[in-house]
Amino acid sequence: MTTVMGICRSFRDRAFARFFHCFPCLSDPARRSSWGLKVTFVMLHLIFVGILFVFDGDLIEKTKKEPWYTALYLLLLLATLVQYFITSSSSPGYVVDVMRAVNETNVIYQKSSMASKQPASSQNGSLNVVIEGSQSGRNFQGSNPSSWTKLVMDMYPPGTSIRSCTCSYCNVEQPPRAKHCHDCDKCVLQFDHHCVWLGSCVGQYNHCKFWWYICEETALCLWTGILYIMYLKANISRPWWKDAIMILLLIALSISIIFLLLLLLFHIYLVLTNQTTYELVRRRRIPYLRRIPERVYPFSKGICRNLYNFCCVRSSIYSLEPLPSSQELEEKARPYTCLDILTCRCC
């Protein structure tokens, strides 16, 4: 018996070793879990949509008469799945990548300055680190080099200890709004949250993609729910178990729709005020946000500019936001007047 079990275990180990040799991307347990999650996600969509086409004969007839209706629905399904994979595979913006790019450009600039009088931006112009702020706004494009440590410390108030803004896990200096993600084991710029469904963080570089994915997923669930209700309302004699399956799926779909709508509205609020989920939920635990009143949004630049920065800024730009000065916070905390509304101060 022991010999048989040993042979089976040896055969299983050889089979797994051969499988991982053919598919090395699945040898990592984290990657296997991520791919398993993605397969489950796709299968859930196919089940909800597939059962509808299998059970609903009227939908098939409608497809024959009005193919554009079903084509639009399937196109939305495809767009949602594509957007999901784009979002899950995109980088949220890791601090270590920006730090490496800044330090490499600094080294290139120093070498080029010793070799010639030409600025380094002519040789390495792809890097563009933008430090926002009305008083300290400036670009770092190689012609104005600075080490990463100095760059980060300039974004904090004078007298800030470098130890207080250094990540104890990554050992890198964190700019404001960055946070270490324990699931990804990296510091993320403008950390929002770690999404279990995506298997990655939502940060500065993929927050917009994540928002569009929520929009498409919400629209798809609403459309699917409408088709389920139309099927159940049709006066057609059919087996009871079909109705039972459709009702159970509709209940699960309704819960998903409520959750997605609330999530979509919540992230619209975050975008309009230039906040992140982490900053809103953990505001009292973040040192530079503790003394700021609840109704004051320290990083907001107005609704219009917040929307523009969220939707239109190129992903190749590393956008870093310094902490606002006391004068800027006083201006943001000032109550709105009729003149402020007429002059579109909120925008």
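Me: At what angle do the axes of α3 and α4 cross?
Reply: Axes are lines fitted to C-alpha atoms, for helices over the stretch in contact, and angles run from 0 to 180 degrees between N-to-C directions. Here α3 and α4 cross at roughly 110°, and their axes come within 5 Å. The two are therefore roughly perpendicular (65 to 115 degrees; under 35 is roughly parallel, over 145 roughly antiparallel, the rest oblique). This is a predicted model, where local features need pLDDT of at least 70 and side-chain atom pairs pLDDT 80 or more, while totals for chains, interfaces and linings use all residues. Residues are numbered from 1 along each chain as its sequence is written, and side-chain values use heavy atoms, without hydrogens and water.

Me: Which residues of α3 meet α4?
Reply: Contact means heavy atoms within 4.5 Å. K62, T63, K64 and K65 in α3 meet P67, Y69 and T70 in α4. Helices are DSSP runs of H or I, at least four residues, and strands are runs of E, at least two, numbered from the N terminus.

Me: Which residue forms a salt bridge with E61?
Reply: Side chains of opposite charge can pair when their charged atoms come close. The cut-off is a Lys or Arg side-chain nitrogen within 4 Å of an Asp or Glu carboxyl oxygen. E61 pairs with K64, with the closest N and O atoms 4.0 Å apart. Both lie in helix α3 (residues 57-65), three residues apart, or about one turn. The whole structure has seven salt bridges.

Me: How do α8 and α10 pack?
Reply: Helix α8 (residues 240-273) packs against helix α10 (residues 303-311) at about 110°, with axes 7 Å apart. So α8 is roughly perpendicular to α10. V271, L272 and T273 in α8 touch I303, N306, L307 and F310 in α10.

Me: How much of residues 210-232 is helix?
Reply: That span is 100% helix and 0% strand, with end C-alpha atoms 33 Å apart. Residues 67-86 are also 100% helix and 0% strand, and their end C-alpha atoms lie 28 Å apart.
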